[in-house]
Amino acid sequence: MIGVLKILGISTLLLLSVSCSSHRAPTSSLKQPPGIRINYHTVSKGDTLYSIAWRYGKDFRRLAALNGIGSPYNIYPGQRLKLTGKVPSSTPSNLRRVVKKPVSKQAVAKPPATTASKKSLTQSSQRQTAKTKRAGAIRWRWPVRGQLLSRFRSGDPLRKGVDIAGEKGESVLAAADGTVIYAGSALRGYGKLLIVKHSEVYLSAYAHNHRLLVKEGSEVKAGQRIAELGSSGTDRNKLHFEIRKNGQPVDPLAYLP
């Protein structure tokens with residue numbers, strides 16, 4: 001009789017085990033779907049419009065226009081910001097202008113250049129090329145001198161800029177004249193971060209600092225000491241440096257001398 005009861009008990013346990021396992025979600029369903037698109041961001045303490053735009057690779061002007069936010073782009077914790085979509089028709093015209101495509105001007109035929117003017121045209125072309133390399137008259141300089149650890153790679157979320165080796169406490173310099181628009185550590189993966197606005201088109205970032213020496217709103221000059229190199233948010237002392245054009249990462253080596 002005891003043997004029969006044992007067999008019945010074991011059978012019951014096996015049935016319960018099979019029944020429970022049949023209600024478990026498959027392991028694959030727990031994984032995040034690939035290529036998921038995030039359409040909204042809820043503002044947290046420490047966020048700025050600039051840091052949110054940086055995080056998602058957006059132009060801060062378009063992000064402001066999408067959400068009807070005017071300069072100086074004040075936001076508050078708990079605010080829900082749209083990251084995609086069309087700019088509302090009710091958006092003020094000064095904000096809508098930043099997302100309109102420029103109107104192409106009709107080409108006008110020019111008379112053939114004379115021999116005397118060819119030299120002038122060549123010199124003008126050379127000056128224009130030099131100006132283009134300076135990215136719209138912005139004179140870039142290296143933020144720190146050191147071994148290049150990692151280069152920019154288009155489309156790679158881990159290669160949005162360059163990594164430069166250095167010693168803890170070494171001076172980090174502003175790469176060009178500008179205004180500090182972010183100073184903090186709220187962006188995951190960047191450690192203590194500075195973002196500098198150089199124009200309506202170009203921004204630069206300095207990440208993994210040991211100490212920040214300037215505050216948001218500070219005007220900085222090219223070559224000015226703005227931070228101390230460190231390892232915040234990473235595993236070694238280095239500077240992660242990025243340049244963004246209209247919100248998109250570009251290769252810093254194409255701009256640095």
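Predicted model: local features only at pLDDT ≥ 70, side-chain atom pairs only at ≥ 80, totals over all residues.

Student: Is Tyr-255 buried or exposed?
Tutor: Tyr-255 is placed in the segment after strand 12 (248-250). A residue counts as buried when its relative accessible area is under 20%. Tyr-255 has a relative accessibility of 15%, and therefore counts as buried.

Student: Which strand holds Glu-242, and is this residue buried or exposed?
Tutor: The place of Glu-242 is in strand 11, which covers residues 238-245. The relative accessible area of Glu-242 is 1%, so this residue is buried.

Student: With which side chains does the side chain of Glu-242 make a polar contact?
Tutor: Leaving aside neighbours within four places in sequence, residues in contact with Glu-242 include Trp-54, Lys-160, Leu-203 and Pro-252. Tyr-190 also belongs to that list of contacts, and its side chain makes a polar contact of 3.0 Å with the side chain of Glu-242. Another polar contact of 3.0 Å joins the side chain of Glu-242 to that of Arg-244.

Student: Which residue forms a salt bridge with Arg-244?
Tutor: Side chains of opposite charge can pair when their charged atoms come close. Arg-244 counts as buried because its relative accessibility is 1%. In its salt bridge the closest N and O atoms are 3.0 Å apart, and the partner is Glu-242.

Student: How many salt bridges does the structure hold?
Tutor: One of them joins Asp-156 and Arg-153, with the closest N and O atoms 3.8 Å apart. Arg-153 has a relative accessibility of 46%, so it counts as partly exposed. The count for the structure is seven.

Student: Which residues are linked with Glu-228 in a network of salt bridges?
Tutor: Glu-228 forms a salt bridge with Arg-211, the closest N and O atoms being 2.9 Å apart. This pair links distant parts of the chain, with Glu-228 in strand 10 (residues 225-229) and Arg-211 in strand 8 (residues 202-212), 17 residues apart. Glu-228 is buried because its relative accessible area is 10%, whereas Arg-211 is partly exposed because its value is 43%. The network links Glu-228 with Arg-211 and Arg-225.

Student: What volume does the largest pocket have?
Tutor: Rolling a probe the size of a water molecule over the atoms shows where empty space is left. The lining of the largest pocket includes Arg-159, Asp-163, His-208, His-240 and Glu-242. By class, that lining divides into three nonpolar, three polar and five charged residues. The volume of the largest pocket is about 320 Å³.

Student: How much space lies in the second largest pocket?
Tutor: Among the residues lining the second largest pocket are His-41, Asp-47, Trp-54, Arg-55 and Ala-186. The lining divides into four nonpolar, two polar and five charged residues. The space in the second largest pocket is about 230 Å³.

Student: Which helix gives the most residues to the lining of the largest cavity?
Tutor: There is one cavity of 30 Å³ or more, and the largest cavity has a volume of about 90 Å³. Its lining includes Tyr-50, Ala-53, Trp-54, Phe-60, Glu-200 and Arg-244. By class, the lining has six nonpolar, two polar and four charged residues. With three residues, the element that gives the most to this lining is helix 2 (residues 49-56).

Note on methods:
Residues numbered from 1 in each chain as written. Heavy atoms only, no water. Helix = DSSP H or I, 4+ residues; strand = E, 2+ residues; numbered from the N terminus. Buried < 20%, exposed > 50% of the residue type's maximum accessible area, 1.4 Å probe, protein only. Polar contact = N/O pair within 3.5 Å; in protein donor to acceptor, adjacent residues only side chain to side chain. Contact = heavy atoms within 4.5 Å. Salt bridge = Lys/Arg side-chain N within 4 Å of Asp/Glu carboxyl O. 1 Å grid on protein atoms, 1.4 Å probe; cavity = no way out; pocket = protein on both sides within 12 Å on 5 of 7 lines; lining within 4 Å. Points joined across faces, edges and corners; volume = space filled by probe spheres on them. Nonpolar A, V, L, I, M, F, W, Y, C, P; charged D, E, K, R; others polar.
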